[in-house]
Amino acid sequence: MKSPLPRRSLSTVLFTMLFLVACATTARHEPPPESRYVDPAYGALRDQAARKIEALLEKEAIPGLSIALVERRRGIVWKEGFGFADRERKVPATPETIYRTGSLAKLFTATAILQLAESGRLDIDAPLPALLPEFSIRSRFEAAPAITPRALLSHHAGLPCDLSQGMWSDAHFSTVVQRLRDEYTAFPPGLITSYSNIGYSLLGSVVERTSGQPYAQYVTREVLYPLGMLDSSFELRPAQQARLAAGYRDGARGDPLPIRDKPAMSFYSSVEDFGRFIAAVLDGGDTVLQPGTFRTMVSAQNEQVPFDFARRVGLGWFLDEGGLGGVGTVLRHGGTTPLFTSQLIVLPESDLGVIVLCNSGNGRKTVQYVGEMVLKLALEGQGRTRRVLTAAPPAPPGEAIAMEAGDYATDFGLVSIDPARGEFCATTLGRTLKLVSRTDGWFGLEGKPPAAGGADPLAPLLNVHINCREVGGREVIVARIGDRYHLFGERVQRQPLDEVWCRRAGKYTILNQDAEFPVEKFALVHKGGELYLDYVMPRLSAGLIRTPLTPLSRDEAVVSGLGRGRGDTARFTLENGEEVLNFSGYRAQRVN
C-alpha cells in the first residue's frame with residue numbers, strides 16, 4: 001500500500017503558496033463573485049430546482065441559501081446563491097458566500113485522526129488515556145469497554161452530548177478535558193449512538209498531542225490545503241469577513257457566538273470550497289487518505305450495536321439515513337448553530353454529491369429537503385432512476401411484548417401511554433394523540449393540529465407505527481417507518497420520589513452564568529410524581545426545555561431514556577455548607 005505522506009507533503013507546499021497569495025489579496029481587489037454557474041447538461045435541473053428553492057425560501061422565511069452540485073467526472077456542475085447573504089444590506093447570496101457550517105467541522109477532525117493513524121502515530125482502538133493521559137471521566141458501568149478514538153469518531157463512547165456551560169465562549173476546547181473529570185459517562189461505550197460534540201473536542205486534543213501542532217494549524221496544512229480548500233477555516237480570517245453571511249434566527253438578525261468546541265462545530269466555508277471536498281470524497285478520498293483508510297471511514301461501525309436499529313454510522317459520517325433509499329451508500333452530515341444550518345450529502349455509487357449552506361438557524365429541514373430534492377432530480381435527469389430494494393424487510397429487533405400503561409422517555413420528551421384508553425400523551429409538550437390498535441399488532445397515532453396553528457411538533461408521529469419490545473433487557477418503544485425500524489423511546493420505571501428530592505424542588509439561580517449565552521428560568525420541578533429539570537436558552541428558543549429526571553440516589557439523577565442528550569447526570573454537592581445543583585457544567589443554587 002502506498003504511503004500518502006510524500007503526496008501530502010508536496011501538496012502542502014503547493015497549496016501553502018497558493019494560500020499565502022490568497023490571504024494577501026484584499027477584498028477590494030477581488031473580482032465580483034460569480035452568482036451562478038450551471039453545466040449545460042444540468043440546465044433543466046437548475047431551472048426546476050430553482051423554482052422550488054425560491055418558493056421554499058419565501059414560505060419558510062429563510063433569508064439566504066447557497067448550493068453546489070458535484071458530479072465525479074465534471075466537478076461542480078451547478079453552483080448558485082438564492083436570497084440574501086445580508087438581508088438588510090441587500091447583499092445577494094452567491095457560491096462564494098462564507099457561512100458558518102457547524103458540525104461539518106467533524107469531518108475534517110475525523111480525517112486528521114485517520115491520517116495520523118495511517119502514518120502509525122496513533123491507534124484508533126487504543127484506550128483514550130494512552131493518547132491523552134490527562135483524560136478521565138467517572139462511570140457507573142462496571143466492566144464497560146474502554147473509550148477509544150474509534151468510539152469517539154462514531155459517537156459510541158457513551159459521553160454526554162455537550163458540556164453546555166462555556167460551550168458558546170472563547171475558551172479553548174482543551175479545557176473540556178479537565179472539566180470532564182467531575183462528569184459521568186451517559187452510557188457504557190458501544191451501547192447506542194449518542195451524538196457528542198465534546199467527544200470531538202477530545203479528538204481535537206488528540207490531534208494536538210499526537211502531531212505536536214495546534215489543531216487548526218495541523219488540519220489546515222494537512223487536510224484543507226491538499227484539498228484546495230483555501231477559502232475554509234476554523235476561525236474567521238479577515239479576508240473572509242466581507243463575504244460572511246449575516247446570520248438569522250426566527251427572522252431576526254443575530255450576532256454569531258464564539259464556539260469553544262472548534263473541532264466539533266466551528267468551520268467557515270463556501271459551497272464553492274465544499275465542492276472540492278465532495279470531489280475528493282467521490283474520488284475515494286485519495287487526496288488526503290489512503291484508499292483502505294477511506295473505505296473504513298465510510299463503512300458502518302455499529303452493525304452489532306444493540307440499540308442502533310436501522311441507524312448506520314461511519315467514522316465521522318452518517319450512512320444511509322432516509323430520503324434516498326435504493327441508490328447505494330448515502331454519506332451525509334448536517335450542521336446547526338444558532339444562526340446557520342448546513343447539509344452535505346454524497347452518493348459515491350452514483351457519482352454525485354451536494355452541499356447546501358443557509359444563514360438561518362431555523363433552516364435544518366429546508367437544507368435537508370433541498371439537498372435531497374436536487375439529488376433526486378439529478379438521478380432522474382441522467383436516467384439513473386433509483387433502484388428498488390427487493391430484499392425482504394428485516395425483522396423487528398428484540399422480542400415483542402405487550403404495551404403497558406406507563407411513561408416513556410423519547411425525542412418528544414416524556415410520553416405517557418395508556419393502551420386501554422387509547423391515549424398517547426406527550427406530557428412535556430402538553431399534547432395528546434389517539435393510540436389506535438392495528439391488526440398486525442402495531443399501533444398508529446392520530447390527532448389534530450394544535451388549535452393555535454403553526455408548526456405541530458408531533459406531526460412526524462402521524463406517519464409511524466409503534467409497538468413495545470424487549471431489547472437487551474430494556475423495555476423500549478420501536479417505531480416502524482416504511483420497512484425500517486427505529487428506537488423511539490425507553491420505558492421509565494418510576495419509583496416513589498425520596499422526600500429529599502421533593503424538598504429540593506423550586507427555582508435556581510446559576511452561579512457560573514455565560515455572559516453571551518444565558519440560561520434562564522432554571523428550576524427543579526416535582527409534578528404529578530415526576531421530576532423534571534426546566535430551563536430556557538433564549539439564544540436558541542423562547543420555549544421551555546423540560547427534561548425528565550430519574551433519581552439514582554439521594555444526590556444523583558440522570559436524564560431519562562436512551563440516545564442524544566439522555567443519560568446526563570444532575571447531582572448535588574456541598575459548597576461552603578450549601579447544596580449546589582451541577583448539570584452539564586452549570587452550577588446552580590436554589591432561590592429561597
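Three helices, α8 (215-227), α11 (271-282) and α12 (291-297), each give at least two residues to the lining of the largest cavity. (Helices are DSSP runs of H or I with at least four residues, strands are runs of E with at least two, and both are numbered from the N terminus.) Before going further, a word on the model: it is predicted, with local features needing pLDDT of at least 70 and side-chain atom pairs counting only at pLDDT 80 or more, while totals for chains, interfaces and linings use all residues. Residues are numbered from 1 along each chain as its sequence is written, and side-chain values use heavy atoms, with hydrogens and water left out.

**Cavities**

Back to the holes. A cavity here is a set of points, on a 1 Å grid over the protein atoms alone, where a 1.4 Å probe fits but cannot get out, and its lining residues have an atom within 4 Å of a point. Points are joined across faces, edges and corners, and the volume is the space filled by probe spheres set on them. Searching the whole structure turns up 3 cavities of 30 Å³ or more.

| Cavity | Volume | Lining by class |
|---|---|---|
| Largest | about 90 Å³ | 10 nonpolar, 2 polar, no charged |

α11 provides the largest share of the largest cavity's lining, 3 residues. Thr111, Phe277, Val281, Met297 and Trp317 are among the residues around that cavity. The second largest cavity has a lining that includes Asp162, Glu183, Tyr184, Asp568 and Phe583.

Leaving out residues up to four places away in sequence, Trp317 touches Leu107, Phe277, Val281, Met297, Val298, Leu331, Arg332, Leu344 and Val346. Contact means heavy atoms within 4.5 Å.

**Asn359**

Asn359 sits in the loop between β13 (352-358) and α13 (364-381). It counts as buried because its relative accessibility is 0%; buried is under 20% relative accessible area, exposed is over 50%, and partly exposed is in between, with a 1.4 Å probe and protein chains only. Its side chain reaches the backbone nitrogen of Gly64 at 2.8 Å, and a polar atom of that side chain lies 3.1 Å from the backbone oxygen of Phe84. Beyond its neighbours within four places in sequence, Asn359 is in contact with residues including Pro63, Tyr99, Ala245, Tyr248 and Phe340.

**Two positive phi values**

Lys90 isn't a glycine, yet its phi is positive, near 60°. Lys90 is in the loop between β3 (75-86) and β4 (91-92), and is exposed, with a relative accessible area of 56%. His155, also not a glycine, has a positive phi of about 60°. His155 belongs to the loop between α5 (149-153) and α6 (175-179), and is buried at a relative accessible area of 4%.

How values were computed
A polar contact is a pair of N or O atoms within 3.5 Å; within protein, one must be able to donate a hydrogen and the other to accept it, and residues adjacent in sequence count only if both atoms are side-chain atoms. On a 1 Å grid over the protein atoms alone, a cavity is a set of points where a 1.4 Å probe fits but cannot get out, and a pocket is an open set with protein on both sides within 12 Å along at least five of seven lines; lining residues have an atom within 4 Å of a point. Ala, Val, Leu, Ile, Met, Phe, Trp, Tyr, Cys and Pro count as nonpolar, Asp, Glu, Lys and Arg as charged, and the others, Gly among them, as polar.
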